[in-house]
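Okay, thanks for coming, everyone.

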Amino acid sequence: MSTYRTDAPTLLRGEVVTPTQIEPDGVVVLSGDRIAWVGPVEQLPAEWRDELPAEPAPGTTVLPGLIDIHDHGGGGESFPDATTADQARTAAREHLRHGTTGLVASLVTAPREVLLARAALLADLVDAGELIGIHSEGPFLSADRCGAQNPGDMLGGDPVLVAELAAAARGHLVTMTIAPEVPGVADGGPGRPDAMSALVQAGALPSIGHTDAHAPTVEAAVQRGRALLAGGERAEAVGGGLLPGRSPRLTATHLFNGMRPLHHRDPGPIAACLAAAARGELVVELVADGTHLDPATVRSIFDLVGAESIMLVTDAMAAAGMPDGDYRLGPMAVRVGEGVARLIADDGSSGAIAGGTAHLLDVVRATVAAGVPMVAAVRSAATTPAHVLGREDLGALVAGRRADVLVTDHELAPVAVYRAGVLIED
């Protein structure tokens, strides 16, 4: 993969997706590593009119670079299994060339020494600008809702391990998936730290997931998390709240998947998370790839809570962008058939879904096909995750933001990708 930048402004023309609308014939002007101007073609300032491109092919669309906050790998490589920077870089660039200009690398439950080593390795790529953060999916999860993770490596909440992981990540741990019913996760208090308070102290967001909790347990965890994020609990272990810039809202890891199912007499975590999202207290992840969730479910959640409380994610693993075959996700063996990744059971049969194989642009396409308006789908794949990460320089086609831009054709297939004004080329 190579990159290319000129000193002259770059003008991109097409159907421009802004945070609030689609400009049918719009222009985005890139100057250096920033967006200089966005608007309809007839309002293009005189200084750039001589550079105006010809009218593009019908259906050409200009989007903000997408942000995936939950991604385990791609291009044949897995972040949880990477032992070299090149392996992790291969996974990151697989998604970059498909329009994901901001990628959070996700780990899975693993022994302490493995988690610390992987976090240190991935921190180097964040420092180099190839990733924008690290997410740890575990190890404080419910063994009853382990999904494609190894229940043998799951632990009770351990604030010391959280601090060690955050230190290994060198400030780049942005979120961790936790099950609130697990002892030591969300049952602390003043002078008695738990995993949730340790995460907030480290500047990372707690994310509710892989949980068998009943609704009241989740509701209590959301309120505790909000108090911690607001700095309301001044326990010595918390130190006054979240580091500046991060969201004041918790998140929910791939809502529905890896959770006690919704039932009218036992609403469990799903109803509690949806209610919190509707109140503006929490942001839910949706793996809206057509495999993890039915399109009607995706459409309903957008109607219920709105794009400001939804992040589209891939939950991608090594097989993203790769043919069917056998792969690994941490210690677990995975077989991909017809694009669907599943654990390989002891008898060789297919088990639980084991992450995704899509790029985030594929998820946006599937979301739009499900009946969600383009502006809302793009907001959930770019603007909302940028807000959650506290990255107001990313996630929207707005003048002054970083020049992360994706150009697609009429089928929403990638045509050109720019990150910080640099054209990404294979």
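**A walk through the chain**

Let's start with residues 61-145, where the chain is 33% helix and 33% strand. The end C-alpha atoms of that stretch sit 40 Å apart. Why pick those bounds? They come from UniProt, where an unreviewed entry places the feature "domain: Amidohydrolase-related" at residues 61-145. And before I go on, please keep in mind that this is a predicted model.

Then move along to the loop between helix 3 and strand 11 (173-178), and you'll find Arg170. Arg170 isn't a glycine, yet its phi is positive, near 55 degrees.

Okay, zooming out to the domains. The protein chain is split into domain 1, made of 10-63 + 406-424, and domain 2, covering 66-392. So you can see on the screen that domain 1 is written as two segments. Taken over C-alpha atoms, the centres of domain 1 and domain 2 are 31 Å apart.

How many residues of domain 1 are in contact with domain 2? The count is 17 residues of domain 1, against 15 residues of domain 2. Between them, domain 1 and domain 2 bury an area of about 1400 Å², and carbon and sulfur atoms give 74% of that.

As for polar pairing, we get 3 residue pairs in polar contact between domain 1 and domain 2, both partners at pLDDT 80 or more. Salt bridges between domain 1 and domain 2? The count is 0.

Which elements on the domain 1 side give two or more residues to the side that touches domain 2? Those are strand 20 (405-408) and strand 21 (414-419). Strand 21 gives the most, with 4 residues. By class, that side of domain 1 has 11 nonpolar, 4 polar and 2 charged residues.

That's my tour, so over to you for comments.

Technical notes: Residues are numbered from 1 along each chain as its sequence is written. This is a predicted model: local features need pLDDT of at least 70, side-chain atom pairs count only at pLDDT 80 or more; totals for chains, interfaces and linings use all residues. Side-chain values use heavy atoms; hydrogens and water are left out. Contact means heavy atoms within 4.5 Å. Buried area is the accessible area (1.4 Å probe) that two parts lose on being put together, summed over both. A salt bridge is a side-chain nitrogen of Lys or Arg within 4 Å of a carboxyl oxygen of Asp or Glu. A polar contact is a pair of N or O atoms within 3.5 Å; within protein, one must be able to donate a hydrogen and the other to accept it, and residues adjacent in sequence count only if both atoms are side-chain atoms. Ala, Val, Leu, Ile, Met, Phe, Trp, Tyr, Cys and Pro count as nonpolar, Asp, Glu, Lys and Arg as charged, and the others, Gly among them, as polar. UniProt positions are given in the numbering used here, feature names are shortened, and annotations may be inferred rather than shown by experiment.
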